Amino acid sequence: MNLKTCPKYIILIILKTTVWLFFLYIELFPLSIFINLLLACIYLLRQIFIIYLCQALQRLSQMATIVSTNAMQVQTNEKNSAGVQNGLKQRIIIKLKVFRSKKTGGWYSAFLCLVNQGLATLAFFGVGVNLVLFLVRVLGQDNATAANNVSKWTGTVYLCSLLGAFISDSYWGRFLTCAIFQLILLLGLVIMSVTSWIFLIKPEGCGDGILNCVPPSPLGTALFYLAIYLVALGYGGHQPTIATFGSDQFDEANPKEKISRAAYFGYFYFALNAGSLISNTILVYYEDGGKWTLGFWASTAAALLGLFIFLLGTPGYKYVKSFGNPLPRVAQVFVAAVRKWRVANVEGEELYEVDGSESSIKGTRKILHSNDFKKLDNAAIVTEEDRQRPAFNPWRLCTITQVEEAKCIIRMCPIWLCTIMYSVIFTQMASLFVEQGEVMDATIGHFRLPAASMSAFDICSVLTCTFLYRFMVVPLAGKLNGNPKGLTELQRMGVGLIIGMLSMIAAGVTEIYRLKHVIPGKEASSLSIFWQIPQYILVGASEVFMYVGQLEFFNGQAPDGIKSLGSSLCMASMSLGNYVSSMLVNMVMTITARGERHGWIPENLNNGHIDRFYFLLFGLALVDLFAFVVFAKWYKGIQHEGSDESCTKDGEKESQVLDKV
């Protein structure tokens, strides 16, 4: 972005924010929404006009190239008589050539993707961060049912990331996928805002913990669930795609842009947490006070603004074509291996591979042969039957790269399965942590702190621990083990799992003390809600190790043809973690709530023992840690053709530069 244009954008943002806050202050929110929607439509029409103008100028530039060639010939014959006209024509041609050769991609396009991600995250968490309280206060669900529904919904969000990554890599491309899933997200937010306004929030201001809402109608409940699952589909499909699309704006072959591309992921995670921070502080405050519709409309406005900013960069984006559907490629390996199951194994040099620097998958690098899963190598053995065929059948003969692609997926599966237990721990922050905070003393003078806003400590912990890891842990660990990155990705994931286990210990201890300070005859405890700070801080610290480690590991170890799917595996882990959490809650309540017993997670937490549930998660995570260590020692990394020692040294130097950044 040109720094000279920054003051103009800053002033525009300040003016729009002032107008927005003014309408909020005078409580004319519908008018504010109408004005912003009107401005967004005007901007969108302006953007469409710019796109068509750019296309027209490109066609004009092509015509100008032909005209310039003829003009050069005419200029030699009529130099004196047409000097003025030719000079004007040459200046026009130069301007058109500059426009035609304008560089696409770079930090300006990536910056738009970062802002888009921040606004989309703000919109998503404006719904998700307080969803468990909305289900309890507005829809009248008990604590266990609400926590269960939130876990299922959050799991659906992350499961949709696989769908978005698959569609973007195989069929639509990343730009179109981002645009369509953002429209789905916007549609879900609009339906949710209108449904809560017309059907659910009755009387106005209910759901604040004091004023009860009228039981919802079946139509209102159905529209609500339709809306939140549209939000899950839209955000889940958008997040991994926009991350990859933003990194596409940098050329990996260019050393400078390669460094920028790696730094982009750090800024992406920062933008995600920045948007979440706003939702967990400002929007949560209004929603906790009964202004649910206000919070949902604000999320809708953020999603609309994010979509507009994303479309704003359409002419300047760099587009990468998809590599095709990876499922048939992987299936061909297993089918060919089964057909040649009884064929004797051969050496790696005798296996089939195409000639040239690229693999049979256009645009991807070749993968070197590995010695494990030897039976899969049979898919790349050239038999006499294969030689007699006029053309190789891909369901009988595969390349080494195809075989190694399938092997990489098999190797990553155990590591991925071991990360699910961490996701079970992580999801408690959006469910049981909030319910626990609701029955604690959250008052500061005359101000009542919303329980969901405590997750702001998690976000601050993420930002702080990211800084500490880069400037303290990396140099110290680098001196001890000689690795310029400090810790390997698998080591970071192991440390994150251990810190996540400690957060369950902290949450359990807090619950024990909360039960000791229960006020007789009241549901709340006199224990301050700030006793939850340690468990939120520990979860945030574990994210820096586990979540970022997963992104780097799955993105780095996935073959070139399935990079987006590799990046989405960490979100798929979150998805299954939420489903496992829901299953554990059901099992625990089924076992512990027999007879007259209330169970561990009853509607009134003072009659339960969620501390025992936290300690149960700690025990399960301990078993998972041992399994993770075993599989981490067994794992062998992917090796591409041409990755020699010089490349390794260059990579170490680049890592040192990135650590400084």
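How many residues has helix α10, and how far does helix α10 reach from its first C-alpha to its last? Helix α10 (residues 292-312) has 21 residues and reaches 30 Å. That is close to the 30 Å expected at 1.5 Å a residue. The expected span is 1.5 Å times one less than the number of residues. Helices here are DSSP runs of H or I with at least four residues, numbered from the N terminus.

This is a predicted model, in which local features need pLDDT of at least 70 and side-chain atom pairs count only at pLDDT 80 or more, while totals for chains, interfaces and linings use all residues. Residues are numbered from 1 along each chain as its sequence is written, and side-chain values use heavy atoms, with hydrogens and water left out.

Stay with α10 for a moment. Of its 21 residues, 18 are buried, so α10 is largely enclosed by the rest of the structure. Buried means under 20% relative accessible area, exposed means over 50%, and partly exposed lies in between (1.4 Å probe, protein chains only). Now look at helix α4 (residues 107-128). Its 22 residues reach 30 Å from first C-alpha to last, close to the 32 Å expected. Helix α4 is mostly covered, with 17 of its 22 residues buried.

Next come pairs of helices. Two packed helices are described by the angle between their axes and the distance between the axes. Axes are lines fitted to C-alpha atoms, for helices over the stretch in contact, and angles run from 0 to 180 degrees between N-to-C directions. The axes of α7 (residues 174-200) and α8 (residues 218-247) come within 7 Å and cross at roughly 155°. That makes α7 roughly antiparallel to α8. Angles over 145 degrees count as roughly antiparallel, under 35 as roughly parallel, 65 to 115 as roughly perpendicular, and the rest as oblique. The crossing of α7 and α8 is left-handed. A crossing is left-handed if the near helix is turned anticlockwise from the far one by less than a right angle, and right-handed if clockwise. The contact of α7 with α8 holds 22 nonpolar, 11 polar and 1 charged residues. Here Ala, Val, Leu, Ile, Met, Phe, Trp, Tyr, Cys and Pro count as nonpolar, Asp, Glu, Lys and Arg as charged, and the others, Gly among them, as polar.

Follow the chain between these two helices. P203 is found in the loop between α7 and α8. The peptide bond from K202 to P203 is cis, with omega near 0°. A disulfide joins C206 to C213, with S to S at 2.1 Å. A disulfide is a pair of cysteine sulfur atoms within 2.5 Å, and the count comes to 1. The torsion about its S-S bond is about 95°, so the disulfide is right-handed. Both C206 and C213 are buried.

Now turn to F373, in the loop between α11 (326-339) and α12 (374-377). Most residues other than glycine have a negative phi, and most peptide bonds are trans. Phi of F373 is near 50°, a positive value. At 30% relative accessibility, F373 counts as partly exposed. The C-alpha atoms of F373 and V403 are separated by 9.7 Å, though 30 residues apart along the chain.

One more pair remains. Helices α14 (residues 400-418) and α21 (residues 610-634) pack at about 160°, with axes 9 Å apart. They are therefore roughly antiparallel. Their crossing is left-handed.
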